[in-house]
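You asked for a short note on this structure. Please have the sequence and the coordinates open while reading.

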Amino acid sequence: MAVTLLVVDGANVVGSVPDGWWRDRRGAAERLRDHLATRAEGEEIVLVVEGAARGVASVPGVRVDEAPGSGDDRIVELAAAAAEQGRTCVVATADRELRERVRRHGASCVGPRTVRPHG
């Protein structure tokens with residue numbers, strides 16, 4: 001059985017908490033990546049970043065995917081590829097339009113609170 005693919009909309013999840021992330025977008029993405037790495041059991045995690053968050057390296061348990069353009073478009077591509085492979089895909093985002101787009105490819109969705117650090 002294939003491992004579930006968890007695709008995290010980095011900009012949306014980071015932006016869901018007004019903690020000053022806008023002053024250091026890359027640092028905020030790195031903190032999210034590091035938090036995700038602590039839960040990387042039984043699923044493949046892909047953190048999609050764009051814009052000022054580019055340059056964040058992958059770590060064991062979390063592959064960072066730099067969107068060449070729109071992060072949303074890249075997330076849809078990943079969901080479509082998972083569907084073609086017969087894999088279960090879950091997308092973490094609160095973006096309603098993105099949720100609709102990935103659901104067309106059979107992905108399910110969870111909100112930012114599911115994957116972001118608490119506190």
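This is a predicted model: local features need pLDDT of at least 70, side-chain atom pairs count only at pLDDT 80 or more; totals for chains, interfaces and linings use all residues.

The points below go from the overall fold to the sheet, the helices and the cysteines.

1. The protein has four helices and five strands. Read from the N terminus, the elements follow the order β-α-α-β-β-α-β-α-β.

2. Overall dimensions. Along the principal axes, the C-alpha atoms occupy a box of roughly 40 × 30 × 25 Å.

3. Burial and surface. Of the 119 residues, 41% are buried. The accessible surface is about 6400 Å², and carbon and sulfur atoms contribute 47% of that area. Among contacts with a separation of 6 or more, 56% are between residues 24 or more positions apart.

4. The sheet. Five strands form an open sheet with parallel pairing, in the order E3-E2-E1-E4-E5. Its edges are strand E3 (62-66) and strand E5 (108-110), each of which pairs on one side only. On average, neighbouring strands are turned by 25° against each other, direction ignored.

5. The E4-E5 end. Strand E4 (residues 89-92) runs parallel to E5 and is joined to it by three bridges.

6. Helix H2 (residues 25-37) lies across strand E1 (4-9), strand E2 (43-49) and E3, and runs at about 175° to E2. Helix H3 (residues 71-84) lies across E1, E2, E3 and E4, and its angle to E1 is about 175°.

7. Cysteines. How many disulfides does the structure hold? It holds zero. Cys89 is in no disulfide, and the nearest cysteine sulfur, that of Cys109, is 8.3 Å away. A disulfide is a covalent bond between the sulfur atoms of two cysteines. The cut-off applied is a sulfur pair within 2.5 Å, so the sulfur of Cys109, at 8.3 Å from that of Cys89, is too far for a bond.

8. Exposure of these cysteines. Are Cys89 and Cys109 buried or exposed? Cys89 has a relative accessible area of 4% and is buried. For Cys109 the relative accessibility is 15%; buried means under 20%, so Cys109 counts as buried too.

Note on methods
Residues are numbered from 1 along each chain as its sequence is written. Side-chain values use heavy atoms; hydrogens and water are left out. Two strands pair if DSSP finds at least two bridges between them. Helices (H or I, at least four residues) and strands (E, at least two) are DSSP runs, numbered from the N terminus. Axes are lines fitted to C-alpha atoms, for helices over the stretch in contact, and angles run from 0 to 180 degrees between N-to-C directions. Contact means heavy atoms within 4.5 Å. Buried means under 20% relative accessible area, exposed over 50%, partly exposed in between (1.4 Å probe, protein chains only). Accessible areas come from the Shrake-Rupley method with a 1.4 Å probe; for residues, only the protein chains shown count as cover.
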